[in-house]
Amino acid sequence: MSAARHTTSRLRSSTYRLGPPIVVFLAVLGIWYAISLSLDPDRQFLLPTPNEVIDVGFVNQDNLFQVLEGLLWTVAVSMTGLVIAIVLGMTSAIMMSQAKWVETSFYPYAVIIQTVPILAIVPLVGLWLGFGFTSRVVVCVIISIFPIITNTLFGLQSVPASFHDLFTLHSAGRVTRLLKLQFPNALPAIFAGFRISAGLSVIGAIVGEFFFRKGIPGLGRLLDLYRARLLTEQLFTALVFSSLLGILVFWGFGFLGRLVVGKWHETT
């Protein structure tokens, strides 16, 4: 009896969790169909129906393989930039947490990097470093590093004073305090920063590809190409894969965060 109740409870929980997004998705599809079918035949190419997008972008193997090739290139650029941003961001945040003068000296410049429009930086990066893989990775790092610095620094500095007093009572050194107190306390905030930066790295890769037109075309280059040629079915296909990539990395870091943090913290 208890097993049946447990199964029923899990089904009800899954329904409550998955039901609303599915309903919203179906409503969006219905609105999409209604708008597309209400357009004049001469303008219907601007918003093709979902089944036309599937036929041209997903069923047609040539179009699908072109988008998948661009997706792989975008994945390589965005994940490389994200790894570099994680290493640089966490290193910077740890240094700032250990010395106030380091935070005072360098944190304002991290804020400046975040506030300068990325579209104004991209042309300069291309002029300095060329228009290949390296420049696209640099753009990803620039756009995704700030949340890692901010969240990691916040987590390291948010340890309750009573815990610091306990470590001081046991004569704990700076390294011990960092590894056994501050870093475990900061893990939820760190993974929150990873989730934000993961999505931003995908955006950075796509934005960079809009400007850097040399080398293998990624999703950003394909989006610009389809826009210029009014290939709206392929354009929607590339948009779908771009969104799925951002969602996948966001959920991936969320799942990894739950595995690392476990159930000991109130955020999980």
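**Entry 1. Pocket linings**

I began with the lining of the largest pocket, which by class has 11 nonpolar residues, one polar residue and no charged residues. For this count I took Ala, Val, Leu, Ile, Met, Phe, Trp, Tyr, Cys and Pro as nonpolar, Asp, Glu, Lys and Arg as charged, and the others, Gly among them, as polar. I note that the model is predicted: local features need pLDDT of at least 70 and side-chain atom pairs count only at pLDDT 80 or more, while totals for chains, interfaces and linings use all residues. Residues are numbered from 1 along each chain as its sequence is written, and side-chain values use heavy atoms, with hydrogens and water left out.

I recorded a volume of about 350 Å³ for the largest pocket. A pocket here is an open set of points on a 1 Å grid over the protein atoms alone, where a 1.4 Å probe fits, with protein on both sides within 12 Å along at least five of seven lines; lining residues have an atom within 4 Å of a point. Grid points are joined across faces, edges and corners, and the volume is the space filled by probe spheres set on the points.

I listed the residues that line the largest pocket: Phe-25, Val-28, Leu-29, Trp-32, Pro-50, Val-53, Ile-54, Phe-58, Val-240, Ser-243, Leu-244 and Ile-247. Helix 1 (2–38), helix 2 (50–59) and helix 10 (232–261) are the elements that give two or more residues to this lining. Helices are DSSP runs (H or I, at least four residues), numbered from the N terminus.

**Entry 2. Domains**

I found the protein divided into domain 1 (1–38) and domain 2 (49–261), with bounds that come from an automatic or database domain assignment. The centres of the two domains, taken over C-alpha atoms, are separated by 30 Å. Five residues from domain 1 and five residues from domain 2 make the contact, where contact means heavy atoms within 4.5 Å. Each of the two domains supplies at least three residues to the lining of the largest pocket.

**Entry 3. Second largest pocket**

I noted a volume of about 240 Å³ for the second largest pocket. Its lining consists of Leu-88, Ser-92, Met-95, Met-96, Val-102, Phe-106, Tyr-109, Ala-110, Ile-113, Val-141, Ile-145 and Ile-149. Two or more of these residues come from each of helix 3 (61–98), helix 4 (100–115) and helix 6 (133–157). Helix 4 gives the most, with five residues. By class, I again read 11 nonpolar, one polar and no charged residues.

Ile-113 is partly exposed, with a relative accessible area of 40%; buried means under 20%, exposed over 50%, and partly exposed in between (1.4 Å probe, protein chains only). The C-alpha atoms of Ile-113 and Val-261 are separated by 30 Å, with the two residues 148 apart along the chain.

**Entry 4. Nonpolar cores**

Which residues have the most contacts inside the largest nonpolar core? I found these to be Ile-86 and Phe-194, in a core of 44 residues. A nonpolar core is a set of buried Ala, Val, Leu, Ile, Met, Phe, Trp, Tyr and Cys residues joined through side-chain atoms within 4.5 Å. Helix 3, helix 4, helix 6, helix 8 (174–211), helix 9 (219–229) and helix 10 are the elements that give two or more residues to this core. Helix 3 gives the most, with 11 residues.

Leaving aside residues up to four places away in sequence, Phe-194 touches Ile-86, Met-90, Ile-148 and Phe-253.

**Entry 5. Single residues**

I located Ser-135 in helix 6. Is Ser-135 buried or exposed? I recorded Ser-135 as buried, with a relative accessible area of 0%. Not counting residues up to four places away in sequence, Ser-135 touches Val-125, Gly-126, Leu-129, Gly-130 and Phe-212.

I placed Gly-132 in the loop between helix 5 (118–129) and helix 6. Gly-132 is partly exposed, at 29% relative accessible area. The C-alpha atoms of Gly-132 and Phe-212 are 6.9 Å apart, although 80 residues separate the two along the chain.

I assigned Phe-163 to helix 7 (residues 161–169). Phe-163 counts as partly exposed, at 43% relative accessibility.

I placed Leu-230 in the loop between helix 9 and helix 10. Leu-230 has a positive phi of about 60° although it is not a glycine. Most residues other than glycine have a negative phi.
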